[in-house]
Amino acid sequence: MNIKKPLLVIVLLLVVLVLVPWLIHVSGRWDFYYTLTSVALLSIASAGVWLTFYIGRINIGQGAYTLIGGYASAILVTKLGMNFWLTLPLAGLICALISIVIGLPILRLRGVYFAMVTLVLTEVARLTALALPITNGAKGIVNIPMPTELSFFGITIIPDFGTLENPKLAFYIASVIMMVLCYAALYRIVNSRLGHLCRSLQQNEELSASIGVNTAYLRVLAYSISSFMGGIAGASFVSISQSVYPSSFQVVDSVNFMLNCFLGGLGFVLGPMLGTLVLYFGWDLLFTLGKYQLLIYSSMLILLMVWLPNGLLSLKLFNRGAKKK
Amino acid sequence: MEQVLANGLYLGAQYALIALGLTLIFSLMNVLNFAHGQMYVFGGFVTYTVVAQLGLPFIVGLILSGIVLGVMGALIEKYLFRPVIARSTREESTMLLAAGIAFFLDAVILLLFGEKQRGIPKIIDGVLNWDYRIIMPYDRILIGVLAIAAICIFIMYMQYSKTGRAMRALAQDRVAAELMGVDVKYYSMIGFALGAMLAGIVGGLLVSITGINLGMGGPASIKAFMMIMIGGAGIISGAIAGGFILGMMESVGLLVFAAYGDITYLMIFVSLIIFLAIRPHGLMGKPWG
């Protein structure tokens, strides 16, 4: 059993790092690199939302943190000339700190109230970005340089993306590695003591508080981890598109992060990843249908929900492995 | 100042009507209806089609908007929400469904009515001018009065009719209501239809003033969410209070913050978050409604 888990990670890494590039190379669909990079980054942000679901809160405010993370990284890179790879964890940390300040009061809210406040939070982030001078208002920050070289005692760990002949592939590899790391961390959290405590929060907060669980601390912790993931996803996105605007992440994105979790299934760690893949790819593939794209996409969403209200991974096919455990 | 108050009242009456439908649906089924804004836009387009394209009187358009949306709401409840609520392990799953319906309605509106801004001719001409202190076009006053009348009819209906009593019982305690012989399924459907109908009526009312376009749905939903948070989710008087408070805040904020640019909504949002941190269940809500 213990050998199986690292094996799973290695298999996943092999699939995303060897099989997928090979398939793309064979099929010649180079544009899929960008799509898959987006899927990887969006699924990191969705993983954060999933963690807040895990403590029993509906989070529709991840867009706020992806936006904050994006701006943090963009400002640090353009104004202070910092290395992108250094701003990446910094963006995450800034988001985590902000989320602690915001989370302390609003995590007292529950159910629909929390959901609606987080929804409003996305709007707050967008409007703040419009109003502040440092974010350059509606014009946004453009011409952000590519990630530069990261070296450690003269040994190059990550090459300069600007000099690579195929930066798309580099971005793809960087984001899928981050994605695998995030999901490994998420899996570790869920299966640790912390995860069990989170589950107790999800089931009954009063009860777990009465047996001595520090619920206030736990929910802020989970929320800040979630926002950290949102921050690094946002920062990477900004670096790929080399620009950030107040409208880069909006309410729709926040809602999509939540939908990814629902679609994949709230009871499964890999749920948000699958949900993101299906939703984003589905949307992309339906592009050929022109003006009927949204109609068919939303009909499929509704049908899926009526057919599988507990998420894709609740299918018997996937359940077999989960039950054995 | 009188002008600001009058504007606030006018805005508040419309907002309260939107929030009423949302809060009714929430209190009966514990569903956060993401598609509420889209339903409102749909209602506006129905009135536009009836009045501007078929040339029928405004009141016919308004009634038809209500009926079309009411039927749509009933069907959505019966065939989509009911089976999903019955089968899902977590209540929140209905949010995905609601969001899916919101996208679906957006797509339907786009295909049926196009993306253009639509409006209908003024219902009555002329402007009320009270000593230059309050200047307000008559049609706005009419719409404001109609909205307030609709709110009053709705409250009377909820308070004194058999259906209204059943729905209030349902909102208080679903199981107890069922034990008392209330047909829970039937009244959930009626409640959803009624909520959707209110959204349709607001849409019909507003199309005569501001017009309507596809993009208005999402922001309208967010505003409606804020209103029911201010007043307390699932509480009818709370929704009305929330609507008027938001209308007033918007109207006063536009006056006060005019010098600082477009930060009214930022201020409203921030004060809302602070307010909720102090009073998490709104003005009149039950704790953890």
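The paragraphs below lead through a predicted model of two protein chains, from the contact between them to single residues inside each chain.

Because the model is predicted, local features are described where pLDDT is at least 70 and side-chain atom pairs count only at pLDDT 80 or more, while totals for chains, interfaces and linings use all residues. Residues are numbered from 1 along each chain as its sequence is written, chains are lettered from A in the order in which they are written, and side-chain values use heavy atoms, with hydrogens and water left out.

With contact taken to mean heavy atoms within 4.5 Å, chain B brings 45 residues to the contact and chain A brings 46 residues. The size of an interface is often given as the accessible area lost when the parts come together. Here the area buried between chain B and chain A is about 4100 Å², and carbon and sulfur atoms give 81% of that area; buried area is the accessible area (1.4 Å probe) that two parts lose on being put together, summed over both. Between chain B and chain A there are 4 residue pairs in polar contact, both residues of each pair being at pLDDT 80 or more. A polar contact is a pair of N or O atoms within 3.5 Å; within protein, one must be able to donate a hydrogen and the other to accept it, and residues adjacent in sequence count only if both atoms are side-chain atoms.

Which helices of chain B each supply at least two residues of the side that touches chain A? They are α3 (58-87), α4 (93-113), α9 (217-231) and α11 (264-278) of chain B, where helices (H or I, at least four residues) and strands (E, at least two) are DSSP runs, numbered from the N terminus. The most comes from α4(B), which gives 13 residues to the side of chain B that touches chain A. The residues on that side of chain B divide into 32 nonpolar, 8 polar and 5 charged, under a scheme in which Ala, Val, Leu, Ile, Met, Phe, Trp, Tyr, Cys and Pro count as nonpolar, Asp, Glu, Lys and Arg as charged, and the others, Gly among them, as polar.

Salt bridges come next, and the term stands for a side-chain nitrogen of Lys or Arg within 4 Å of a carboxyl oxygen of Asp or Glu. The count between chain B and chain A is 0 salt bridges, whereas over all chains it comes to 5 salt bridges. One of them joins the side chains of A:E205 and A:R57 at 3.0 Å, N to O. A:E205 lies in helix α8 (residues 205-210) of chain A and A:R57 in the loop between α2 (31-54) and α3 (62-80) of chain A, so this pair ties together parts that are 148 residues apart in sequence. A:E205 also meets A:R219 in a salt bridge, at 2.7 Å, N to O. Because A:R219 lies in helix α9 of chain A, this second pair ties together parts that are 14 residues apart in sequence.

In chain B, the side chains of B:K223 and B:E250 meet in a salt bridge at 3.8 Å, N to O. B:K223 is in helix α9 of chain B and B:E250 in helix α10 (residues 236-256) of chain B, 27 residues apart. B:K223 is partly exposed at 22% relative accessibility, whereas B:E250 is buried at 10%.

Aromatic rings form pairs too: rings of Phe, Tyr and Trp (its six-membered ring) pair if their centres lie within 6.5 Å, with planes under 30 degrees apart counted as stacked, over 60 as edge-to-face and the rest as tilted. Over all chains there are 15 aromatic pairs. Among them, A:F84 and A:W85 are edge-to-face, at 5.0 Å centre to centre and 70° between the planes. A:F84 is buried, with a relative accessible area of 6%, and A:W85 is buried, with 15%. Elsewhere, ring pairs link A:Y65, A:F114 and A:Y223 into a cluster.

Conventions: Buried < 20%, exposed > 50% of the residue type's maximum accessible area, 1.4 Å probe, protein only.
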